[in-house]
Amino acid sequence: EVPLDPEGGVAFPGSAEVWMVAKGQASIAGAAGRLKKLSKAVVPDDEDKILLRMAHTRHKNVSELDSFLAVARIDSHRPEKLDEASPSVPI
């Protein structure tokens, strides 16, 4: 179910940066540094790391990966795709 872009990479709703610093990461202060390190064009290794972290991080018995897939399904039906701030709102 992981959405793919035309080049075969993961199509992260909003951006990969949003999902890299999602709720499960250590702190908001560290998030700014991680955002600077992560480029807009995410390499497959980074995509894998993001997806694996989400699969192993749970909040209230729901994995972040499940939340990601739910947001991706919603985004696929939107005429205007989500911006970077939209996916960070808890679902």
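# Reading a nonpolar core and a helix pair

Me: Which residues have the most contacts inside the largest nonpolar core?

Reply: A nonpolar core is a set of buried Ala, Val, Leu, Ile, Met, Phe, Trp, Tyr and Cys residues joined through side-chain atoms within 4.5 Å. Buried means under 20% relative accessible area (1.4 Å probe, protein chains only). Here the largest such core has 15 residues, and those with the most contacts inside it are Phe12, Trp19, Ile50, Leu51, Met54, Leu65 and Phe68. Two or more residues each come from α1 (16-20), α3 (44-56) and α4 (64-76); helices are DSSP runs of H or I, at least four residues, and strands are runs of E, at least two, numbered from the N terminus.

Me: What kind of model is this?

Reply: This is a predicted model: local features need pLDDT of at least 70, side-chain atom pairs count only at pLDDT 80 or more, and totals for chains, interfaces and linings use all residues. Residues are numbered from 1 along each chain as its sequence is written, and side-chain values use heavy atoms, leaving out hydrogens and water.

Me: What does Phe12 touch?

Reply: Contact means heavy atoms within 4.5 Å. Leaving aside residues up to four places away in sequence, Phe12 touches Trp19, Glu47, Ile50, Leu51, Met54 and Phe68.

Me: How do α3 and α4 cross?

Reply: Two packed helices are described by the angle and the distance between their axes. The axes of α3 and α4 come within 5 Å and cross at roughly 115 degrees. Axes are lines fitted to C-alpha atoms over the stretch in contact, with angles from 0 to 180 degrees between N-to-C directions.

Me: What is the overall pattern along the sequence?

Reply: It reads α-α-α-β-β-α, with four helices and two strands. Buried residues make up 33% of the 91 residues.

Technical notes: Buried < 20%, exposed > 50% of the residue type's maximum accessible area, 1.4 Å probe, protein only.
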